[in-house]
Amino acid sequence: MSTPSHTLSNTQTRDMASLLHPFTNLTVLRQTGPLVVERGAGVFVYDGDGKDYLEAMGGLWCTALGWGEEELVQAAAEQMRKLSFGHIFGGKSHEPGIALAEKLKEMAPMPVGKVFFANSGSEANDSQIKFMWYAANARGETARKKIIARTKAYHGVTLASASLTGLDAFHKSFDLPFDFTVRVECPHYYRGGRDGESEEQYSARLAADLDATIQREGPDTIAAMFVEPVMGAGGAMVPPKGYFEAITPVLGKYGIRLVDDEVICGFGRTGNAYQPDSMSLAKALSSAYLPISAVLLSPELVEIIEEEAVRIGGLWHAFTYSAHPVAAAVALKTLEIYERRDTFGHVRKVAKVFETRLKALADHPLVGEANGVGLIGAVELTADKKTKRNFEAAKGVGARCGAFCQEEGLIVRALLHDRIALCPPLVISEAEIGEMFARLTRAIDKTLDWVKAEGLL
Ligand SMILES: Cc1ncc(COP(=O)(O)O)c(C=O)c1O
């Protein structure tokens, strides 16, 4: 991608000399410098010149209540004054940790025995893998080591969770994935569905493929399957109709546990479609005001894990900051706000506008697929609408569209296959959704002009 060189500001120069940037095209970054964000209010963030950007990604799929929520600031300050640090090792505890665990048990869409806390989605998912192995060992099922995950899945970047992540970029040069990973096809009807096949038939085929994979690997060697309700970083892809209804009985037949990675989707973004054995939560748990994640475990899993812990003299897994009282207090306040302001009801209302506006973009000449559910979705830019042909990855069409969005005052995320993801704060208003799509449409129009000028169509 040819990008004009800019004169970098002092802040940009300091950034380039000191910060190791992840998830970034470093060649482009060296030319353009980073966008240094200074402050945020509601669904907008602002750079040093005061230019506003509608944050259509809620940061990193996480700032559910938007920026500048004073009640969360107060909750953090009050807890810091009262008990700035506390832990739950060696028989200690504290009120914010207890109250947050209680609240999560009450809110969960599944029966929950107990809650384990960590600091990030990756840590939650690594903990899940360890709990699955621990529980299998406790039951004498010592061969159950493999974990099923899907192509294009995103479960994090720590060694084990990155192994489950189904995107090559996260494995290259890192000597990953570990060999406990078993890969099955991700459910994406636009790409994976065959001519004449309905969504339900596609789901049934994926379930049959899953069954065949399990048979091939040996059902007794598989501990669990990880799923995201809507696949996030892999492309913001909504599963086809009947997908979870089709795969859950297959797992049930072989005693394979279903681990629900709700790190993006939890807390009202999409709604819940199935009953897992355990669930990972992060991001919107504290509206991203402080790092905290949680693993919700079924009563059966808790019983098995605690019995094993008694047998071997303790559960030797937790982090210094598990159930950090300040993060827990902020999360508790976040959940209280969701209920008091009926945030999930608001999402159900504005999601209709979001889905309608998003799907309408499918008529744009540059857009192959435009799909979403709740307040998450994506548009896929294609070189040929009819054949669904993608642009060559090296042309960086998605990244170019992301840059045009930034020019228009919109922050999106360009994912694999030129998919432009949207995941705005849950508090976004109908008017702001209108503004988001106006800016996005202008950016896609500019991308079309650029694609034509470059002779890429
Ligand atoms: C579904 C999912 N799981 C896990 C993670 C990892 O979370 P973290 O970046 O907090 O480690 C993410 C991050 O985007 C995610 O989207």
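R340 and E336 form a salt bridge in which the closest N and O atoms are 3.0 Å apart. The model is a predicted one. Both residues belong to helix α12, which spans residues 325–340, and they sit four residues apart, about one turn of the helix. R340 is partly exposed, with a relative accessible area of 45%, and E336 also counts as partly exposed, at 36% relative accessibility.

The pair is part of a network of salt bridges that links E69, E71, K333, E336, R340 and R341. Side chains of opposite charge can pair when their charged atoms come close.

Over the whole structure, a search finds 25 salt bridges. One of them joins E380 to R191, with 2.6 Å between the closest N and O atoms.

D211 is buried, at a relative accessible area of 15%. K253 is exposed, with a relative accessible area of 54%.

## A buried aspartate without a salt bridge

D15 is found in helix α1, residues 10–18. D15 is buried but has no salt bridge, and the nearest side chain of opposite charge, that of R14, is 8.9 Å away.

The side chain of D15 instead makes a polar contact with the side chain of H21, at 2.8 Å. When neighbours within four places in sequence are left aside, D15 is in contact with H21 and P34.

## Ligand surroundings

The residues around the ligand are S120, G121, S122, N125, Y154, H155, G156, E228, D261, V263, I264 and K283. Helix α6, covering residues 121–138, gives the most to this shell, with three residues.

A backbone N or O atom of G121 lies 2.8 Å from an oxygen atom of the ligand. In the side chain of D261, an N or O atom is 2.7 Å from a nitrogen atom of the ligand. For K283, a polar side-chain atom lies 2.8 Å from an oxygen atom of the ligand. On its own the ligand has 390 Å² of accessible area, and the protein covers 83% of this.

G113 is placed in the loop between α5 (95–107) and β4 (114–118). G113 is buried, with a relative accessible area of 15%. Not counting residues up to four places away in sequence, G113 touches K105, L297, S298, P299 and V302. I222 is 109 residues away from G113 along the chain, and the C-alpha atoms of the two are separated by 23 Å.

T343 lies in helix α13, residues 343–360. At 5% relative accessibility, T343 counts as buried. With neighbours within four places in sequence left aside, T343 is in contact with L65, I337, Y338 and L426.

## Backbone features in loops

The peptide bond from L176 to P177 is cis, and its omega is near 5°. P177 is located in the loop between α7 (159–164) and β6 (181–184).

A236 is a residue other than glycine with a positive phi, near 50°. The loop that holds A236 runs between β7 (222–227) and α10, and A236 counts as buried at 2% relative accessibility. D342, again a residue other than glycine, has a positive phi near 50°. D342 is in the loop between α12 and α13. At 44% relative accessibility, D342 counts as partly exposed.

Definitions and conventions: Residues numbered from 1 in each chain as written. Predicted model: local features only at pLDDT ≥ 70, side-chain atom pairs only at ≥ 80, totals over all residues. Heavy atoms only, no water. Helix = DSSP H or I, 4+ residues; strand = E, 2+ residues; numbered from the N terminus. Buried < 20%, exposed > 50% of the residue type's maximum accessible area, 1.4 Å probe, protein only. Lys, Arg positive; Asp, Glu negative; His and termini not counted. Salt bridge = Lys/Arg side-chain N within 4 Å of Asp/Glu carboxyl O. Polar contact = N/O pair within 3.5 Å; in protein donor to acceptor, adjacent residues only side chain to side chain. Contact = heavy atoms within 4.5 Å. Near = heavy atom within 4 Å. Areas by Shrake-Rupley, 256 points an atom, 1.4 Å probe, with all protein chains shown as cover.
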